[in-house]
Amino acid sequence: MIDYEKLLNEEQLKPVYCTEGPVLVLAGAGSGKTRVLTYRIAHLIEKGVSPYSILAITFTNKAAKEMQERIEKVTGYTGLQISTFHSFCTRILRQDIEALGVYTKNFSIYDDDNSNKLVTRILKGYELEDDKKKSLVKEVRSHISYAKNYGFDPIQYRSRIMLNPRGDLIVRAYADYQEQLEKNNAVDFDDLLLLVVKLFVNHPEVLYKYQEKYKYIHVDEFQDTNKIQYLLLRMLGMKYQNVFVVGDDDQSIYGWRGADYTNIKKFKEQFAGCQVFKLQRNYRSTKNILNVANKIIEVNTQRMGKTLWTDSADGVRVECKECYDEMEEADYVLGQINGLIKHNNYEPKDFAILVRTSSITRPFEEKLNLYSIPYRLIGGHKFYDRKEIKDFLAYLQIMANPKDEENLLRIINLPKRGIGDGAIEKLREACQARGLSLLEGIRVLPSLNLPKAIESKMALFASVVNAITSKLDLPLDDLFDYVNEVVDFTQVYDKEKEEDLDRLENIDQLLTSVKEFVKDNPNVSLSEYLQSVTLVASDDKDDPLNTNVLTLATVHGVKGLEFKVVFIVGLEDGLFPILRAESESDLEEERRIMYVAVTRAMERLYTTYASSRFRFGKRERSVPSTFLKEAELINRTKFISIDDDDIYTRAKKLDFLKVAKPTPAFAKPSPNISGSSKDISGFKVGQKVNHTRFGEGVILEITGENADIKFEGLGVKKFNLRLAPITRIE
């Protein structure tokens, strides 16, 4: 027999012992919800409930596997039905889909790639301009997925998008897509859930079979369920009412993909006699960290309410750091990390740097590379691996190397110019006949005697190429600005879409990085810059064998994870909360995202913001995040106007920010930013040094602890001598 009283606290015991009827567990961050689910199932089995009548549903295969292993370890039973919504529904359809009269049991399941190809093929059959068909695929797929998650067929969905100028086209494509799926005896991922609901509605005998089979139902991460998932759960559990759901409305951060945190309230209202339990005792974080989390989330009005508490110590005070700009912010964060590693025995894996949007990771990635700190990036590609960055640099690569055919083909039709594979092949044939590279051919396009239709399309690209060619003598940063202007990437990305706006911000970050590079390398050539980028990017690769790495991630990417030390950076209005959070509902979701970020921290929490940040093509003064005020980490009493031009000289004089008095960041105090006791007195201007990654360099200038060092191929880079892995060459 399991001694539950020894294994669980009083809050956890109550829902475990409540085995009959509907139960809602509001489980705060770090409160042991998985433990409660595991022992609740174990207790049911000990009471004599058949393991085969118990169903547990999670949101990821990884979570399902972990729960399966935990329950098997506690109970000794194998083969329990623990799966994701999609896996569970697939099993039902393999048994009973033929009742719908459309599919057979050997149906295919189309993944996103299959579905996108099908939509692409359907749109190709419509009378549309070629350059519009590809751009419509993503939009049509998004609408189809949304419609299915809300249970709308094409006819029902028509009334929902009457105001959309492409509404008729989307509905037509949806109807053709569904018709083709049925013809192919195939379903997509959204169908897996929707078809089970249809099966239960139209064939009560099938629903009855599964109601009898699964008399005890458990759902984890209930706040992340969407409308169709909630409907499925309600139908399955309506007979015996033994439905046990665990969730946290304060951690519902997936509204953008259909999750509906109000399902928690609906469950309480629609399952008669529902008992509600709260898990508020946190086993993860210190009191000071929880105090910040509670102050932030209690501002939200649309929540059921709970307050996290702990028996652990107060811990180190939560820090709030104002920085001049994004580069000082990165230096500060890495300095603190270095100090904690040297003086408090932390390891890289103990740290997480969290951002609201991946568009601001670039300064941190560059500094992590320069200081040889291994890291992993969660929630996006590393900066120089991002498509929009590769696309932009491709325009410069072909200028530096006119024979670079791969990069030319990458951007010949970006933005869309109607240049297809056939036109490219005609261009290649004409160039080969004259002994020209593709770029050389583009530069003398009229002499190639291409068909007029092809030449007119190619002429759009040729005009861009020739315009850039005429400006190659500009200073490098001005050249990049010109490329951005003449290519006009705003044609490629839709500013109304969050993902596309992030891509445009990434391009802004690239322009910023070039300006910083030119500042340190005034007479740098285009080839030298591209070589430097290639060198940094080539070293910026994950080592799959090294698990002791720092985590750099979006907040969404680390939900469910925990770290000893967390830095939440970029805490400025417009960044976090994000600029697009206009309604009160949007702002409440942003506040939940901040709450999730704070509650990832176990021992230490740092928050940072910059007085100015380069965004949307210019440097702008930043306003500290409203969340910092709500957490009482800063007190904004007044604002003063300053000019962008002198923001660096005046940033330290700003008196409208009163930052909480910091406590030591590490046990051993140190006056330097890195917290390192490394002796740097021996470093001199003109001295040769060795960097563990970039090899031999020469010190050009020393200012305090910082040095400008020139490396072959890398150019001039600024380093903090205490922090960087640099040694003198005697």
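This is a predicted model: local features need pLDDT of at least 70, side-chain atom pairs count only at pLDDT 80 or more; totals for chains, interfaces and linings use all residues.

Two helix pairs are described by their crossing, α17 with α21 and α3 with α4.

- As a general background, nonpolar side chains in soluble globular proteins tend to be buried together.
- Once its neighbours within four places in sequence are left aside, Phe 461 is in contact with Tyr 395, Ile 398, Leu 408, Ile 411, Ile 412, Arg 417, Ile 419 and Ile 442.

**The crossing of α17 and α21**

- The axes of α17 and α21 come within 11 Å and cross at roughly 65 degrees, which makes α17 roughly perpendicular to α21; the crossing of the pair is right-handed.
- On the α17 side the contact involves Tyr 395, Ile 398 and Met 399, which meet Phe 461, Val 464, Val 465, Ile 468 and Thr 469 in α21.
- Sorted by class, the residues of the contact of α17 with α21 are seven nonpolar and one polar, with no charged residues.

**The crossing of α3 and α4**

- The axes of helix α3 (residues 33-46) and helix α4 (residues 61-75) come within 10 Å and cross at roughly 45 degrees, so α3 is oblique to α4; here too the handedness can be stated, since α3 passes α4 in a right-handed crossing.
- From α3, the residues Thr 34, Arg 35, Leu 37, Thr 38, Tyr 39, Ile 41, Ala 42 and Ile 45 meet Met 67, Arg 70, Ile 71, Val 74 and Thr 75 in α4.
- The contact of α3 with α4 is made up of eight nonpolar, three polar and two charged residues.

**Helix α16 and the residue that follows**

- Helix α16 (residues 362-370) is mostly covered, with nine of its nine residues buried, and these include the charged side chains of Arg 362, Glu 365, Glu 366 and Lys 367.
- Just after α16, Ser 372 takes a positive phi of about 55 degrees, although Ser 372 is not a glycine.
- Ser 372 is placed in the loop between α16 and β11 (375-378), and its relative accessible area of 25% makes it partly exposed.

**Other backbone features in loops**

- In general, most residues other than glycine have a negative phi, and most peptide bonds are trans.
- Gln 241, in the loop between α12 (227-237) and β7 (243-247), has a positive phi near 65 degrees without being a glycine, and at 23% relative accessibility Gln 241 counts as partly exposed.

- Ser 285 belongs to the loop between β8 (275-279) and α14 (287-297), and Ser 285 counts as buried because its relative accessibility is 3%, under the 20% cut-off.
- With neighbours within four places in sequence left aside, Ser 285 is in contact with Leu 290, Thr 310, Ser 312, Thr 599, Ala 601 and Met 602.
- Asn 548 lies in the loop between α24 and β12 (550-554) and is partly exposed, with a relative accessible area of 23%.
- Asn 548 and Arg 376 are 172 residues apart in sequence, and their C-alpha atoms are 9.7 Å apart in space.
- Leaving aside neighbours within four places in sequence, the contacts of Asn 548 are with Glu 347, Pro 348, Lys 349 and Pro 374.

Technical notes. Residues are numbered from 1 along each chain as its sequence is written. Side-chain values use heavy atoms; hydrogens and water are left out. Contact means heavy atoms within 4.5 Å. Axes are lines fitted to C-alpha atoms, for helices over the stretch in contact, and angles run from 0 to 180 degrees between N-to-C directions. Helices (H or I, at least four residues) and strands (E, at least two) are DSSP runs, numbered from the N terminus. Angles under 35 degrees count as roughly parallel, over 145 as roughly antiparallel, 65 to 115 as roughly perpendicular and the rest as oblique. A crossing is left-handed if the near helix is turned anticlockwise from the far one by less than a right angle, and right-handed if clockwise. Buried means under 20% relative accessible area, exposed over 50%, partly exposed in between (1.4 Å probe, protein chains only).
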